[in-house]
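Reader: I have a model open and want to talk through how it packs. Can we start with the terms?

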Amino acid sequence: MLVRCAYLFDKCAMRILAIETSCDETSVAVVEDGTSVRSNVIATVEPATTEGGVIPEHVARRQVECMLPVLRQALAEAGASPRDIDAVAVTRGPGLLGSLLVGTTTARVLASLWRKPLIGVHHTLGHLSSPWLEAHPNQKPKTKNEPIFPILTLSASGGHTDLWYRTAHTRGTLLGRTRDDAAGEAFDKGAALLGLPYPGGPAIAKAAEGGDPHAFPCHLPLHGEDTPDFSFSGLKTALKYLLRDLAQKHQEPNPRDQLCRIWDLGFGISDIAAAYQHALCRHLTDRIIKALRRFPEAAEVHVVGGVSANRHLRSLLPDLCGNRVVRFPASLATCTDNAAMIGAAAYFLAEERGEEAFAPFETKASLPLEVVVS
Ligand code: KG4
Ligand code: ZN
């Protein structure tokens, strides 16, 4: 068995075909040596409800339809045939079970037909590996230098908000996590309150352009408390009450008309969006700074997951982290869910865990990252 892993790493380049279908994306990528993105095709299922809600059955059915075209396109863009692929990797959890099964079933069939080893990958380990990915050849390149451990990583997406201290890809300690909503979820719920579309993160960021981030005072959650955790539900509630109070002050009793009335009265949505975005970002940076005081030896600070696409967050961090390298995924496509990050994580899993990376796995809707990183 050990021969298989050694053989893969002996090759001049290890090319992994990766599949990610944990939520509403169907993505297939070809990644070389955990860093070089040969292709990264992402198809997103349109939300089934106007609020951006996801109906799991609808999503899984669309993913079945998308899978083969996306797979063909990923191979074509990479200029690869099944012969050029050394291993197949797939997200095994956590996520929507029906969606995950579309991915893992496809990966199992391909691995068996093509006679390739199969690697099951934790979705969040994919996000944690995304800063190693070079930008797609067609996108703006980032400077090529390898991240250095130990690394403090904030992983913030629509489903989780975790802070990790890592000494290797699969070695580390979970320092803190959210006690209620995830950071991306707070953007999504805030956007819904402001009448903005889903996903809320990019919508709020756009609405906030030109707005004053200090237009409304916001209390930083858990600021004085001795905890590395996050909490976002209070900020969302504060936004709800701010909108209610603004509307009531101007005598608009009908909640449906409140938003229009607020904007009509000249309260810029940009100020409210900017203040809300600033408060969410300040809470994230506040936790990072606190953790850096505990782990001053951290050489780098990484921010990954959908929220890492946020420009305001990107602008706040470097000044707060001293002379440490602050790293984000190189392209927007590798911030949000994508298969390239799964290909990177699979490579590092095989590198650090050897044969264990190729062990049989179950597809699981709920899967703590601590089973992989410890
Ligand atoms: O990592 P991701 O694609 O999926 C999950 O694993 O959940 O993250 C999606 C989340 C959504 O909640 C979305 O609103 C948020 O990432 N997001 C952003 C931005 N782009 C996406 N949040 C803030 N600013 C952005 N530019
Ligand atoms: Zn994700």
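Author: Contact here means heavy atoms within 4.5 Å. This is a predicted model, where local features need pLDDT of at least 70, side-chain atom pairs count only at pLDDT 80 or more, and totals for chains, interfaces and linings use all residues. Residues are numbered from 1 along each chain as its sequence is written, and side-chain values use heavy atoms, with hydrogens and water left out.

Reader: Which residues does L163 touch, leaving out those up to four places away in sequence?

Author: L152, T153, L154, T173, L174, L175, G176, F230, R287, I288 and A291.

Reader: And which residues touch the most other members of the largest nonpolar core?

Author: L152, L154, L163, L284 and I288, out of 43 residues. A nonpolar core is a set of buried Ala, Val, Leu, Ile, Met, Phe, Trp, Tyr and Cys residues joined through side-chain atoms within 4.5 Å; buried means under 20% relative accessible area, with a 1.4 Å probe and protein chains only.

Reader: Which element gives this core its largest share?

Author: α9, with twelve residues. Helices are DSSP runs of H or I, at least four residues, numbered from the N terminus.

Reader: Switching to α5 and α6. At what angle do their axes cross?

Author: Roughly 60°, and the axes come within 7 Å. Axes are lines fitted to C-alpha atoms, for helices over the stretch in contact, and angles run from 0 to 180 degrees between N-to-C directions.

Reader: Which residues meet there?

Author: F187, D188, G190 and A191 in α5 meet G200, G201 and I204 in α6.

Notes:
Chains lettered and ligands numbered in written order. Helix = DSSP H or I, 4+ residues; strand = E, 2+ residues; numbered from the N terminus. Buried < 20%, exposed > 50% of the residue type's maximum accessible area, 1.4 Å probe, protein only.
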